[in-house]
There are 2 protein chains.
Amino acid sequence: MKMLINVPETVVADALRGMAVAHPELAVDVENRVVVRRDAPVPGKVALVSGGGSGHEPLHAGFVGRGMLDAACPGEVFTSPVPDQMVRAAAAVDSGRGVLFVVKNYTGDVLNFDMAAELAEDEGVQVAKVLVNDDVAVVDSLYTAGRRGTGATLFVEKIAGALAEEGAPLEAVQAVARRVNESSRSFGVALGACTTPAKGGPTFDLPPGELELGIGIHGEPGRERRPMMTSGEIADFAVDAVLDDLAPDSPVIVLVNGMGATPLLELYGFAAEVQRALGARGTAVARTLVGNYVTSLDMPGASVTVCEVDEELLRLWDAPVCTPGLRWGC
Amino acid sequence: MKMLINVPETVVADALRGMAVAHPELAVDVENRVVVRRDAPVPGKVALVSGGGSGHEPLHAGFVGRGMLDAACPGEVFTSPVPDQMVRAAAAVDSGRGVLFVVKNYTGDVLNFDMAAELAEDEGVQVAKVLVNDDVAVVDSLYTAGRRGTGATLFVEKIAGALAEEGAPLEAVQAVARRVNESSRSFGVALGACTTPAKGGPTFDLPPGELELGIGIHGEPGRERRPMMTSGEIADFAVDAVLDDLAPDSPVIVLVNGMGATPLLELYGFAAEVQRALGARGTAVARTLVGNYVTSLDMPGASVTVCEVDEELLRLWDAPVCTPGLRWGC
C-alpha cells in the first residue's frame, strides 16, 4: 500500500511538526509528544487531558483548545501513549484545581493512564478519570476488556470541556463526563480495512462485496459480516443496535462519523438515513454533526454515536469550542 | 467497489438531505439543488455564488455562510450544475448590489455559468464573474481548455467573501477575487484513483508502487507517473512546480489539501514537508491550512496551493468565516 509518508518510524513526529506549523495557537512538544493549549495552565480552570494511539485524527490532539482539551498525548499508531507523556501533560496544564483524564477503554490506555494518575498525584496534581466505553458492537474484543471507547469520546471531551471552562470543580467536571459517557452509544461499520504505516498493508481482509458490522476503530472484528447493504439498511442496523442499548426518552445529539476514506458526499447521505431511522423509532434529534472526527486512518466506513441530552448537556454542547478539529462560537 | 450509498442516482439528493439535517443555518433546496444562506439576501451586500460537480465536498456547498458564499449549486458527481440552478441561486441571494459567480475553469462550468449570467442579467441581476485556474500541472486537459481550477477556489471564495461582507461594491469584490486567483498556484498528486458512484469502479488505473504527479480533481492525467516517492520528495516536487510559476516576493498562505482518503495524520506530516520545502526556497509562510477541503471523492493523495498575500489579503483571510467546512471568528 502506498502512503504519503517518509518512513513509518517518523509518522507521528512528522505529523506533530505539521500540527505545529498549522496551529501556532497550540504548543506542540514534538520530542515528548505532548500537545498543549498555549495559554495553559488557565487560572482557576480544571484541566482536561486525553490521549491514545495515533491514527484517529483529529482525535485527540485536534481537540486541544478552549472549551475542550487542555492537552493531548499521541501514542504511536494504534498504540497507547506512555505514562510519562500523560504526567508531563498534567503538570503542564494543572492550574491547581486538578486534571481530568479522559480515557478510552482499551487495555493499554487504561493501564497507562492509571499509572500516570498515580505518578501525577505523587507530584501533587489532583487527578480524576473518566472511562469512555460507548461501543455497543461487542464486549471483550482484541484491544479491550468490556466495551470499546469510540465516538462518545468527542461528546465527553466537548461537554466536560465546556463545563470546565465555566470554572466548575473537578468532581463536577468528572460527573458530567461520566454522565455523557453513560448517555452515549456507538456502532460502526467498515467497507474495507485500514492500512497502518508499520504493516504497510490492510489490517484485515474483507471480501469484495461484504461489509463488517460493528467494526472497531483499530479494525477489531465486529458482530458479523454481510453482503454489502445500502446506506439506508446500514443506518437501520446501526440505529437499532444503538437504541437497543440506550432507549432514550429525551432528544439526542448525533455524530455521523467517517472512518477516514469515506467521502463527505456519502457521509451526508448516510446522515440523512440515520435521521430517518431515528425518527422512525421515535427518537428526536437535537443536533447532528457530520464529518471525520474519530477516524481509523484510511478505513472506508462510518459510525453513528448518539448522546441523550437534557437542557444542561445541550447548553454545554452549544458552548464555544476553539480547536483545530471542532470549532464554533469563536 | 463498495460505497456508502443507496443507489448512484440519488447520491447528490441524499447528501443534500443530510446537509439540511446537519446545518439548519442553511436553506437547502433538495429538489432544485441550491444551497443558500438562510439570511440571504443580506441587505447591502454583494452576493457570491459558486457551484460545480459534486464529489469535491466540502467545496462548494460546505462553504456557504457568513464571510464566504451566499449560495452554491451542486451538479451531479463530477458534472457541471445547469444554468437554471445558478439563475435560481442568484435570484435568491441578490440584494440589489449584484452577484459574483466563482467559476472553476472546466468547460462545462464555464459554459453554464456564462449562460446563467446572461439569463440572470435578463432578470435584472447584475452579474460579474471570476474564473479560477490555479493548477500548474497541465494546460488543456480532459475537462479543461487552459489551466484547471482547484485549491485556489477556497482562497477566492474566502477572501472575496470577506470583502463582500464588509459592503464593498461588485467591481471591488470581483477585482480582489481575480487578484487572489492570479496570486495562487496549485499542484496535486494521487496515490490511487477515486471511485465514482455511477461507474462503481476506479476512474483510472495506477499501477502498484507508482504515483501520479499533477493529478486533476476528477482524476484527469497529470504530468507524469513515477515510482512511489516519500512525503518529503513529493513536497519538493509540488513546491518546485508551484514556485516555478509564481515566484512570490511576499509571504504566502498555504493550503495542504487532502484529496479524500489520505489520513489527516499523513496530511499533517506532508504539511511539515511543504513548510520545509517552501522555507528552503526562501518563501515565507503566513498561514497554513491543513485538511480535506477540495476533494476527489475517495482519492488518496494531496495537493498544495499557495496564495501570495499582502496585508490586505491576509486581513481578509483572517476575517470571520461561518460555514460548515471552514469556520473561525464566529
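A salt bridge (a side-chain nitrogen of Lys or Arg within 4 Å of a carboxyl oxygen of Asp or Glu) joins B:Glu273 to A:Arg17 in this predicted model. The closest N and O atoms of B:Glu273 and A:Arg17 lie 3.1 Å apart. Between chain A and chain B, the count of salt bridges is two. As this is a predicted model, local features need pLDDT of at least 70, side-chain atom pairs count only at pLDDT 80 or more, and totals for chains, interfaces and linings use all residues. Residues are numbered from 1 along each chain as its sequence is written, chains are lettered from A and ligands numbered from 1 in the order in which they are written, and side-chain values use heavy atoms, with hydrogens and water left out.

The interface between the chains was then described by contact (heavy atoms within 4.5 Å). Chain A brings 54 residues into contact with 54 residues of chain B. The size of an interface is often given as the accessible area lost when the parts come together. Here buried area is the accessible area (1.4 Å probe) that two parts lose on being put together, summed over both. Chain A and chain B bury about 4,400 Å² between them. Carbon and sulfur atoms give 66% of this area. A:Lys2, A:Leu4 and A:Leu265 supply 22% of what chain A buries against chain B, more than any other three residues.

Polar contacts also cross between the chains. A polar contact is a pair of N or O atoms within 3.5 Å; within protein, one must be able to donate a hydrogen and the other to accept it, and residues adjacent in sequence count only if both atoms are side-chain atoms. Across the interface of chain A and chain B, 24 residue pairs are in polar contact, both at pLDDT 80 or more. Helices (H or I, at least four residues) and strands (E, at least two) are DSSP runs, numbered from the N terminus. Elements giving two or more residues to the side of chain A that touches chain B include α1 (11-22), α6 (231-246) and β13 (285-291) of chain A. The largest share of that side, 10 residues, comes from α7(A). By class, the side of chain A that touches chain B has 30 nonpolar (Ala, Val, Leu, Ile, Met, Phe, Trp, Tyr, Cys and Pro), 15 polar (the others, Gly among them) and nine charged (Asp, Glu, Lys and Arg) residues.

Chain A itself divides into domain 1 (8-183) and domain 2 (184-318), with bounds from an automatic or database domain assignment. Their centres, taken over C-alpha atoms, are 22 Å apart. Domain 1 of chain A puts 39 residues into the contact and domain 2 of chain A puts in 41. The two domains bury about 3,200 Å² between them, 64% of it on carbon and sulfur atoms. A:Val136, A:Phe155 and A:Ser183 supply 20% of the area that domain 1 of chain A buries against domain 2 of chain A, more than any other three residues. Three salt bridges are counted between the domains. A:Arg147 forms a salt bridge with A:Asp245, with 3.0 Å between the closest N and O atoms.

In chain B, B:Lys45 sits in the loop between β2 (34-37) and β3 (47-54). The side chain of B:Lys45 makes a polar contact with that of B:Asp70 (2.9 Å).
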